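Let's take a friendly walk through the pockets of this protein, with a stop at one of its sheets. Have the sequence and the 3D view open as you read.

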Amino acid sequence: MEKKFIYADNAATTAVSEEVLNAMLPHFTKAYGNASSIYKLGRDAQKDVEKAREKVAKAIGAEPGEIFFTSCGSESDNWAIKGVAENMAKKGKKHIITSVFEHHAVLHTCQYLEKHGFEVTYIPVSSDGFVNPEDIKNAIREDTALVTIMYANNEIGTIQPIEEIAKICKEKKVIFHTDAVQAVGHVEIDVKKQGIDMLSLSGHKIHAQKGIGALYVRKGITLPNLIHGGAQERNKRAGTENVPAIVGLGVAIESATKNISEKAEIITPRRNRLIDGILKLPYTRLNGNRNKRLPGNLNISIEGIEGESLLLMLDLNGICASSGSACTSGSLDPSHVLLAIGLKHEVAHGSLRLSIEEDVTDEDVDYILEVIPKVVERLRSMSPVWEKMMKGESYE
Amino acid sequence: MMYSEKVLDHFSNPRNVGEIENADGVGEIGNAKCGDIMKMYLKIDDGIITDAKFKTFGCGAAVATSSMATELIKGKSIDDALKLTNDAVVEALDGLPAVKIHCSVLAEQAVRSALSDYYTRQGIDPLPIIGEIKMPEE
């Protein structure tokens with residue numbers, strides 16, 4: 001078996017596409033003007049920034065005036081949550097609702113606000129990875145300032161009932177924010193039709209560069225300024241615009257949202273073949289609902305082995321993947337997402353996430369399905385946990 | 001996460017993986033909840049460790065430190081094996097990332113745990129010789 005290189009970690013980051021790179025390049029050495037300058041070089045830069053803003057707006061069904069460029073998805077999340085919190089606190093509303101399995105950019109921001117006098121309700125999720133809109137409805141109080149629920153989970157890919165949640169929030173007159181970093185470019189998003197008030201997105205997950213993101217803020221909601229200084233981003237976020245990155249994001253999001261269903265038609269059968277192939281191994285389970293998940297995402301727990309070892313073994317075979325093990329998170333606890341859907345610690349440690357795009361071919365799928373059983377067998381053969389499982393002994 | 005070449009070598013080609021039938025001492029340390037379990041088997045003749053094998057559930061560093069620890073104690077006297085420190089394991093692996101140092105402590109303690117079992121089997125109280133087996137500070 002010839003060693004390949006297969007990138008199956010697109011939920012972590014993606015390559016900058018040729019198309020995006022080509023659009024960006026002139027902005028480094030030729031069209032390098034400061035978008036605030038009065039001369040043509042500057043005016044052209046301003047035009048390109050605004051063109052990119054239109055593209056981002058169009059991709060999610062928003063108006064250009066509702067799009068703010070940021071440096072990343074985490075910045076967008078921070079600004080949205082802390083901004084609304086600051087505004088609403090003045091009206092005595094100091095309660096936020098989120099879910100237990102949000103990205104850390106949301107969870108840690110909420111925890112920060114808890115230290116500053118806010119109360120946060122963390123909605124639990126079902127064992128197949130969904131927030132129940134009824135739980136949101138029941139959690140909303142007179143003093144609720146914000147509901148923030150992710151569009152699609154970054155680890156298990158489950159797509160949340162965003163429209164239902166948005167509808168409840170609208171009825172209760174509570175602002176609804178969604179972290180859509182993993183969803184943009186993979187599912188159809190229309191903020192107006194879906195009733196989303198604020199939405200965070202990131203460039204590097206959709207083939208733009210790292211270091212660029214955007215926040216959609218519905219007209220009528222005014223956030224406090226994030227960076228004080230110049231008049232950039234309608235006085236809200238000062239700092240000279242990163243024109244090449246902004247232009248790149250515009251091209252990337254246009255391309256990513258152009259043919260979502262066609263891409264899904266290619267990716268989903270391959271992803272399903274990976275799921276079925278890996279689940280043939282004994283003592284494995286799919287994490288997250290099989291159907292209502294991002295087309296390229298799979299997350300499987302493989303008992304008796306530990307995730308980081310699995311990733312290193314896959315890397316030796318040229319496969320880039322991800323895991324929810326503690327060892328990859330830098331803490332002792334495994335993924336909070338996997339614990340939230342009810343996995344035991346020892347099972348969560350042995351999880352594998354693959355996130356593929358169209359460039360992972362059927363042959364690549366064959367290769368992955370050839371490598372994984374061998375690697376798993378090898379790791380299990382040296383695992384005292386597996387040994388005990390096979391003897392029917394407890395290993396807790 | 002930066003692993004040294006030596007760590008990666010001991011992870012991808014671990015030395016002394018497996019079990020020893022009729023081992024003279026077997027030790028196990030760690031727990032699955034934290035993501036690391038090491039089990040160590042020793043063959044001991046006349047106070048000399050003639051063979052050492054291990055099984056490990058854990059990350060790359062856990063496998064590599066188990067592998068290195070068995071290498072370091074094979075052929076050594078019990079007294080020398082008891083002097084094995086986690087620092088020595090780390091040094092032999094050309095270093096470990098800070099968050100992985102606890103793996104080297106597990107390897108050190110796995111050796112001590114197996115030797116403790118050896119003394120118990122000999123009808124000797126291991127506590128005065130080996131002391132308490134400690135889990136690493138997390």
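Which element gives the largest share of the lining of the largest pocket? That is α4(A), with three residues.

## About the model

This is a predicted model, in which local features need pLDDT of at least 70, side-chain atom pairs count only at pLDDT 80 or more, and totals for chains, interfaces and linings use all residues. Residues are numbered from 1 along each chain, chains are lettered from A, and side-chain values use heavy atoms without hydrogens or water.

## The largest pocket

The largest pocket has a volume of about 830 Å³. Here a pocket is an open set of points on a 1 Å grid where a 1.4 Å probe fits, with protein on both sides within 12 Å along at least five of seven lines, and lining residues have an atom within 4 Å of a point. Of its 39 lining residues, the closest to the centre include His103(A), His104(A) and Arg353(A).

The lining divides into ten nonpolar, 21 polar (Gly among them) and eight charged residues (Asp, Glu, Lys and Arg).

## The second largest pocket

About 410 Å³ of space lies in the second largest pocket. Its lining has 22 residues, and Asp197(A) and Arg218(A) are among those nearest the centre. The lining comprises ten nonpolar, four polar and eight charged residues.

## A three-stranded sheet

Chain A also has an open antiparallel sheet in the order β9-β10-β12, where strands are DSSP runs (E, at least two residues) and two strands pair if DSSP finds at least two bridges between them. Its edge strands are β9 (284-286) and β12 of chain A. β9(A) pairs with β10 (297-302) of chain A over three bridges, and Thr284(A) has Ile302(A) as its bridge partner.

Technical notes: Points joined across faces, edges and corners; volume = space filled by probe spheres on them. Helix = DSSP H or I, 4+ residues; strand = E, 2+ residues; numbered from the N terminus.
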